[in-house]
Amino acid sequence: MPPQRETDGVGAAPGIFWMLVSPNNRPLGRASGCHPTYGECWDAVVCLQQGHERLRVVESTAERTGQWCWWAELDRTVVAVSSRSYLRGRECTYNVERFLEAVPKAAIVSGTRNTGRDGRRARDDDPAPRWSGRTPPTGIRRLSHPGSATGTPR
């Protein structure tokens, strides 16, 4: 949950977002954007789990850095994104697979914690997440991924 503050004109308004973590607390993926209320965030997680078989994943590289990232679409809406970028395509693919394996069986815990982009306690001057949720981020080019970009659910 990023700190409450005004929209900066570039990113999404402050709110609550979910994050999927492994048993050893390693981030696997997160919401593509913030939700205005706790209830809406909870509903988004339930919807993600119920629709996990319809998820389509797109792996791509950022034009500026060349690093790999991914996002997952559910019914043509971006619902999840990678928690970080990767230097190699195979690292990205490996982490997408861990995310997809964890989604249907993940325990949903109640409550929130206030964190910054690096997982530490957020400060008021930390930037808000900038991925909006309905469209892929700018500066990213789509790459073909078996079973994803072709429209076949992964």
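Which backbone oxygen does the side chain of N95 reach? The answer is that of E91, at 2.7 Å. Bear in mind that this is a predicted model.

**The chain as a whole**

Let's step back for a moment. The chain has 2 helices and 6 strands, and from the N terminus on they run β-β-α-β-β-β-α-β. Of the 154 residues, 40% count as buried. If you take the contacts between residues at least 6 apart in sequence, 57% of them join residues at least 24 apart.

**Helix α2 and what covers it**

Helix α2 covers residues 89-102, so at 1.5 Å a residue its 14 residues should span 20 Å. The C-alpha atoms at its ends are 20 Å apart, which agrees.

Quite a list of α2 residues is buried: G89, C92, N95, V96, R98, F99, L100 and A102. Their cover includes the strands β1 (19-21), β2 (27-31), β3 (56-62), β4 (68-74) and β5 (77-81), along with helix α1 (38-50).

Back to N95, which sits in this helix. N95 has a relative accessible area of 8%, so it counts as buried, the cut-off being under 20%. Leaving aside residues up to four places away in sequence, N95 touches R26 and Y86.

**Salt bridges**

The structure holds 4 salt bridges. Here are three of them, with the gap between N and O atoms:

| Pair | N to O distance |
|---|---|
| D75 and R54 | 2.8 Å |
| R88 and E91 | 3.4 Å |
| R98 and E101 | 2.8 Å |

Start with D75 and R54, whose closest N and O atoms are 2.8 Å apart. This pair links distant parts of the chain: D75 lies in the loop between β4 and β5, R54 lies in the loop between α1 and β3, and 21 residues separate them. D75 is exposed, with a relative accessible area of 52%, whereas R54 is partly exposed at 41%.

Next comes the bridge between the side chains of R88 and E91. Both partners are partly exposed, R88 at 40% relative accessibility and E91 at 28%.

E101 is partly exposed at 44%.

Y38, W42 and I108 make a nonpolar surface patch of about 240 Å². One of its members, I108, belongs to the loop between α2 and β6 (140-142). I108 has a relative accessible area of 31%, so it counts as partly exposed.

Definitions and conventions
Residues numbered from 1 in each chain as written. Predicted model: local features only at pLDDT ≥ 70, side-chain atom pairs only at ≥ 80, totals over all residues. Heavy atoms only, no water. Helix = DSSP H or I, 4+ residues; strand = E, 2+ residues; numbered from the N terminus. Expected span 1.5 Å × (residues − 1). Buried < 20%, exposed > 50% of the residue type's maximum accessible area, 1.4 Å probe, protein only. Contact = heavy atoms within 4.5 Å. Polar contact = N/O pair within 3.5 Å; in protein donor to acceptor, adjacent residues only side chain to side chain. Patch = residues over 30% accessible without salt bridge, like charges linked within 9 Å, V, L, I, M, F, W, Y side chains within 5 Å. Areas by Shrake-Rupley, 256 points an atom, 1.4 Å probe, with all protein chains shown as cover.
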